[in-house]
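Student: I have a model open and would like to go through its packing with you. Shall we take it contact by contact?

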Amino acid sequence: MPFLHWFRKPPASAPTGFEPVERIVTEPVAPAPVSPDSPVPDSHQTIAPPGPPEQPLETESEPVSEEAVTDHVAIAGSAKDAPAELATGRYLSVSIGAFYDKLPTHLRAAKTPSLTRTVQIAEEDAVIHHETNEATLPLSILSLSCPEIFTRPVEPSDDVPVTFPITAPNEAARAPGDRDDILDPEKSSHPEAQDSGTEPKAGEAARSAANEIKVRLQSILADFPHDLAPETIHSFAQTEAEISLPLDMIKAQLPNGRVAVPASTFAAGLPEDLKPLFAGIDPTAEIPIPLREIFSHLPADAIEIRKDQESDHPEEKVATPFTGPAEEDARRFAQPSAGPSPQRKTAPRKIEQLPVQANAASDKLQAIFMTDEPLDLVTTLKKVAELPGLQSCALTTTEGQKLAGNLGDPNQEKLVSGLLPDLFQRTHSVFNELSTGALEGITIYAGACHFSAFVRGQLCLSVVHDNRPFKPGVREKIQVVLNELEAMTSGAKSN
Amino acid sequence: MPTINYGSKEVQFKIVFYGPALGGKTSNLVYIHSRISPSHRGDLVSLATAADRTLFFDFLPINALMLHGFKMKFQLYTVPGQVIYNSTRQLVLRNVDGVVFVADSQWEKMEENVGSIRNLEENLQKQGLALKQIPIVLQFNKRDLSNVAPVNYLEYLLNNRKKRLQSFEAVANSGANVFATLDAVTQLLLHRFKKENPQLIPGIQPGW
């Protein structure tokens, strides 16, 4: 970055128009608000000694040499921040929480992002201050790495240096709070990863080639970010192609409960014939990889519980007021024991197949929509959404598992696709008792949106209206389509 | 620490059901409330929105008699799981004696589970407590659904600590393992209480 030179000059001799770095670095972090109702620890309780939040209670990590820190540093925020680490010698893997508080409030997007999510920043863009264990980089660099947390692009007049504390990588990879107590999965799985100061060996390329995981592209495309999806995504949504991803990158994220890869990594793993389709995506954007898909391909030993665990179960079992009901329930639910679930070390179980195959096609669907175009699940849903008076639609299972389509805002979609099938089924059971005939569909009128849901078998088709009731014939058409999809499901099952 | 009232001979424990939004914390309390005789429990106080989301907290007092003359009371609370209600969670966690962490087993909730247990750690830390210092039991809820993560992954996410917590697979809606979870955390509480107050209650023999 050409403008980085002013970071590297000593502050006293750096006559820039910007605020001195020291002032920003030493800016006190606002203490957590304390209300009159704030908890007052009982005098009998053990009070943790005051200290920096990121200070582990018990130190398990080895001291890190300055050389190691130079080549492999981690950026950490306060105790409330998510862990952050340097993924390789060339990129900093930084949790948003490490710098979120430092962003000018007028540039922050209205929606608070997940502070544990990490972004990749080229190491050459940051200036590492070894004396103070801090790193500084321009706000504009951050905005390029995670534009979604900004209200707008950072203009030159907004550009200020942002400084974070840096810590040793072993600490950074731990969970906050009880960091000392959490096993670093990366460290446990790959002891060589502790040797952060070593240069890549000659055989690393060959090793990394073998250290890949192949996942189905179809499953990734089902949850592909709407704003990144190429226009032609529907045309290959039913592809059987697989994508190769670096296993280490995936495994390192498994403790977070979410896995995403940079678009550049995603694109690099694509089959050659599909690479041009995704060429236009911002390489720093995140592509989520469904955990379910990962686990169906993950080696059995990829996740390991630490072996030095100590049980906290009391040896002597006493009868509590709840023991009786617990035993009754255990008998009622025909479970062998109401005791704790055993610690499983077997491979993750095989994932159930979707009830509807995304590439299933039907002549009847073509007839319904009066088209010769081959209609698979995705294109069928697209056709439904194009019916007059509808904005969008999605097909889910009655358990809320999404199969195709979308309802717009992902958060709204999650809630609605969880609620509507359940609501339909409850209403359906009540209507059965009332002898009013089978329930065909339900519509919910909210202030800003109208939703309808139809359930057949295990399938639920939810639609968002264009702020008005169904136009004549639309509801009937949706029902016919759903009947056909349900018939295809049954056919697929019987086959 | 439990509240001990020597005058009325009562020992009061506070158990908090913690976890991500829509994970089934309130369902746990609803089931417990439905199974305990009205003579041994109070009303379930629930402040929920129209969409059945816990707005503030749920509260269920349960009374049980101790043979040694002390009446044992359990106050069961849930916290609102939604991220924005952290102040309420901190308030509810005040002077907590035990925690049931209700995790949602669905694949798409894994990140929220991790976020919630980290939030629990942070909020306990603000009271000067570490996760390993108080009795905690994990409940992997919604095991009846088809899109659930395997238990070994949930253990890896939430229980990969030196101190291994007891964990239960549960279906709070139907009640499967709801009381088993509560029984486990109560056992931990009583053992701890007995250890810390040997002079008070020489032998714990609770009953209704």
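Student: Which residues of chain B does A:Leu254 touch?

Tutor: Happy to look! This is a predicted model, where local features need pLDDT of at least 70, side-chain atom pairs count only at pLDDT 80 or more, and totals for chains, interfaces and linings use all residues. Side-chain values use heavy atoms, without hydrogens and water. Contact means heavy atoms within 4.5 Å, and residues up to four places away in sequence are not counted here. Within chain A, the partners of A:Leu254 include A:Val259, A:Leu291 and A:Phe295, and from chain B they are B:Tyr153, B:Tyr156 and B:Leu157.

Student: How many residues has the largest nonpolar core?

Tutor: A nonpolar core is a set of buried Ala, Val, Leu, Ile, Met, Phe, Trp, Tyr and Cys residues joined through side-chain atoms within 4.5 Å, buried being under 20% relative accessible area with a 1.4 Å probe, protein chains only. A:Leu254 is among the residues with the most contacts inside this core, along with A:Phe224, A:Phe266 and B:Tyr153. Its size is 63 residues.

Student: Which helix gives the largest share of this core?

Tutor: Helices here are DSSP runs of H or I, at least four residues, numbered from the N terminus. Six residues of the core come from one helix, residues 151-158 of chain B, namely H4.

Student: Over which ring does the charged end of B:Lys14 sit?

Tutor: The test asks for NZ of Lys or CZ of Arg within 6 Å of the ring centre and within 35 degrees of the ring normal. B:Lys14 lies 4.7 Å from the centre of the ring of B:Tyr77.

Notes:
Residues numbered from 1 in each chain as written. Chains lettered and ligands numbered in written order. Buried < 20%, exposed > 50% of the residue type's maximum accessible area, 1.4 Å probe, protein only. Helix = DSSP H or I, 4+ residues; strand = E, 2+ residues; numbered from the N terminus.
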